[in-house]
Amino acid sequence: MTWKVKDRIRSFANLPELISTNRTFMSTVTKDDIKSTMPGALPELVGGQRQVHTRDATEQVKAYGLELKSRAEKRDPTGKDNMLVIIKDGQCVALDPRLRGLEADEDGGRLGQVADEVAATHRRNAENVYYASDGQEEPNRGALQLIFLDSGVPGGSTLNLYAMLREELEARGVPASQVAFIHDAETDGERASLFERCRDGRVQVLVGSTKKMGTGVNVQRRAVGLHHVDVPWRPDELEQREGRQIRQGNLNEEVEIHTYVTTGTIDAMSWQTVERKAAFIAQITKGTTTSRTVEQDDESMEKMARAVAALAADSPLVMERVEVLNEISRLENLESSHRTELGSAKGRLRTAEREMKVTEELLPRLEAVRDAVTMSAGVDLGAGAHQMTETELGDGIRENLRNARERIGAGEKPVILHMASIAIVASGHGDRVRLHAEGVPEVGFETEWTRESMAKTFFGRRIANRLEELPERVTKEQQRASHWKEQAEELRTFVDGVGEFADAPALRAAELRLAEIDTELGMTDEDAIETERVYASQMQGRLTRPSRATELRVGDEFTIRGTKGQFSLVDDGTVMQAVDVSDDSERTLGYSESVELVSRTRSVMSEWECARIDLNEADAILSPRELEDGTKVLVGMHVGSEEVVAEAVIDHDVPDGLRVTDGTDKGTTAILVNREVLVRDHYTPEQLENRRSAENMLRSGSLYPGEIITDAVDETWTRRPELTGAVFVDPVMDRVMRDGDISSIRGWKVAVEQPERIGGADLAALGVEGKIDVSDLRQGDRVAIGQVDRDAKSDRIVTVLEPASRYDRSAGTSYRTDDGVTQAGRIKQGSTVEVKDRAISALSLAERVRLAEHRGQPIPHATVIARSNVGEHVGGTVLLREGAEMVQGTVQKKGQHTAASSFRRPVESFVIRTPERREIDLRYGGSDELILLDEGADVAETAAAFDLTGGRAATVREPVEPERTTRSESAKTGGPRSPQRPEPSLAPPPLNPPGPTTGGPGIG
């Protein structure tokens, strides 16, 4: 025989948050709450606890238990004789053997035991006197007892245990006229009459099932004793049973509760199970625990099967083995948490010490440049310092760079210009060039050598920005150094003080005891794999989960689209048969039915599939083209009908990009299972740390335009600090923009800061007051979830990602919750919703003008014009939005073209020509609105007034731009070094821009 403890949900984490969420929609009043606020309102238990009555199992019951053991081990392939049926049979035979065709117990069995206790309680309370509300003594004396029995009910298909119990009570002196069955009262009137007789003493024993007597029965007035003849399945049923007696309005100060257990049967396990579940639920409903986690009992069918066999065999060793296994699992979880916490602390300590060292080395160089800056010194491109426009400065820098490109490529760092007394040099990094202060590469920026990048880069502005922000940056670096020093000291104290796992001796002792028990029982693990299940969540990103019935395998547990319940596949032949796991009903599956896998037994999985499931944290599943030649990998191969694992090495000079190297003949007879390989220990400790920190970040697909990146981890779990301060601009392609550069972050995890948000009077000034149509929502709007999702159970606030279409009858709205979960809600078309606040990035340019006027800060010399009217302003200077930037240009006539909508008449077309001589064709690009600038307009200030984030991006932008690494380099090194916390830097004041007729730069 083989036993195996399975993985289940063992505990719930973040318990305080769970309790807080629970209390938003549920209020729980416990018996303890009533006792504390209303002393004496509820009766107390005699002796403070239930009275447990036990009896030994008879020989025939023990023999039946052996039969149950055999059935549990056999595992009926049809699913009809499942564990629920076996457990029920065990409960029935423990209650009364006659329920399963056996002989009656010679000593009267449990019914006789119950009758003895009921009769004794009846005699003790026969002279109890009760008084009416007017103080008069009631004519009938004696108390009421409640007996709960769910099996053998009147009119059922088995023995009528109720009638037998009445006969046993009558034989012990309890008048039959005082014994009533809840089943005899079929109408509301009959039930009311029965309850009245219970309350006034005419009925002194009431027998019923949990279903009929568990709720809606107010007979507690004289209730003095309650008897659980059998055990219910769920804790709530137990609570409802006992709530019939321990209830306000009971005139007895003390009451009794009796339970009955037959040792060596299912009874003991069933009672322990219900009480453990009740204790688990109480921790949630009471909310009094101070722990952040709460343990949940593992009540799997396999565990029940182990208990059945142990009880049937009457073997304490087997039950002890189950307990030891559970204890080992608990201690291993604690040990794993200890290792994880200690490893995480050590990793953060290394990061803190590294960042502290980097910052301390950087500070003196920054301070030296800061002290040498003399802003009045002007700019010198090699012909002496003199005044020049920004366009002239940019053209001069480009010319000097072109002339020095060969030297830069050779590794030299020639001086390109002097600005503010600081020599600015250029250094090359592959296809990129970096302009920075001489000797201090951190004070500068990087761009590409391409013609487009050189034309779009505003060299003078960006160099001036880096120099002007130096005082602020030095202060921040000093704060950063202090921060990392404090972090390092705290983490060093923690790491030094943690020590070894405190419960390690207990874990080793439990493992030794398990080995001793296994030796005594002769147990092995040969058959363990047969019943181990792999759950759909474990397959995520590792295996393709079936979506059609034809993709299922025997033993799969799954759900069927459009139906309720969970099924298990028992036959995948010509006619596919499944069994509903809840009621054992059979169902024939259609080949094309849509299914969703719940779990699959490991025994039907191939060696290659198991290898993919059993990945370690540092392992990776990759395509061969992502790896370098010589990398050792594992690959899935078809060998006959098997899918096996073979060792291989990456070799891009051979077909499939790899060679099998395990020394077998697999390579000569096999073909690849798929185009993926398994790489052991692929991720570095730093990448694993990044992966853990990314768990609390947002997916790239859950952002809205205008959100600002504060931290980013790419698909290789490498941190990407160069995107700090980038603005999300494209939800379709998951793209961001920073300093004019567009980058894709698809598949990344990011942390963000919100753009400026407006609400209240600001929204009202834009005409958004009260409720609006759901289809008028915009990306970034914050609304109550119930107003966009009819299935929502609360009124928490969510962020709209994709508003409903006006043509969608069910008004589907995509939204993001505060914990980063993205969902799609549906509501009736035409529904109205109240906008709590709106992202400034969702406003049109015209709305930005109106908002500025409402705030008393009008934008001078700027007029909003529509793209369709741009032909009226040929020669005028305009600003238009490109991504997150406002780009300056001049309106020019392009020519004529023929459009289908013009009935083939020629139509004039226009372009915006930027100072870098780049043309933006308004037929194919550009926003629907433009800003027309008047004479005397300050380009930089006007552009800043329309900043997509409301100026927020500049406050989180990291001035250091680290060197870039290739993907393969990132995979090896963990990516470029990055500070863990991006520090803000204030946007520097702009240079004096030229007038609109001479052109100027685009302003980021």
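**Close-up 1. The hairpin of β22 and β23 in a predicted model.** Two residues lie between the strands, and Gly 640 takes a positive phi near 65°. Strand β22 (residues 632-639) pairs with strand β23 (residues 642-650) in the antiparallel sense, over eight bridges. Strands (E, at least two residues) and helices (H or I, at least four) are DSSP runs, numbered from the N terminus. Strands pair if DSSP finds at least two bridges between them.

**Close-up 2. The buried side of helix α6 (residues 161-171).** Leu 161, Tyr 162, Leu 165 and Leu 169 are its buried residues. They lie on the same side of α6 because they cover an arc of only 100° around the axis. The arc is taken from the directions from the helix axis to the C-beta atoms. Buried means under 20% relative accessible area, exposed over 50%, partly exposed in between (1.4 Å probe, protein chains only). The buried residues pack against α4 (83-95), α5 (109-124), β4 (144-148), β5 (179-181) and β6 (205-208). Contact here means heavy atoms within 4.5 Å. Glu 167 and Ala 171 are exposed, on the face turned away from the buried side.

**Close-up 3. The two ends of α6.** Asn 160 caps the N-terminal end, with a side-chain oxygen 3.2 Å from the backbone nitrogen of Tyr 162. Gly 173 follows α6 and has a positive phi, near 100°.

**Notes.** Residues are numbered from 1 along each chain as its sequence is written. In this predicted model, local features need pLDDT of at least 70, side-chain atom pairs count only at pLDDT 80 or more, totals for chains, interfaces and linings use all residues, and side-chain values use heavy atoms, without hydrogens and water.

Technical notes
Polar contact = N/O pair within 3.5 Å; in protein donor to acceptor, adjacent residues only side chain to side chain.
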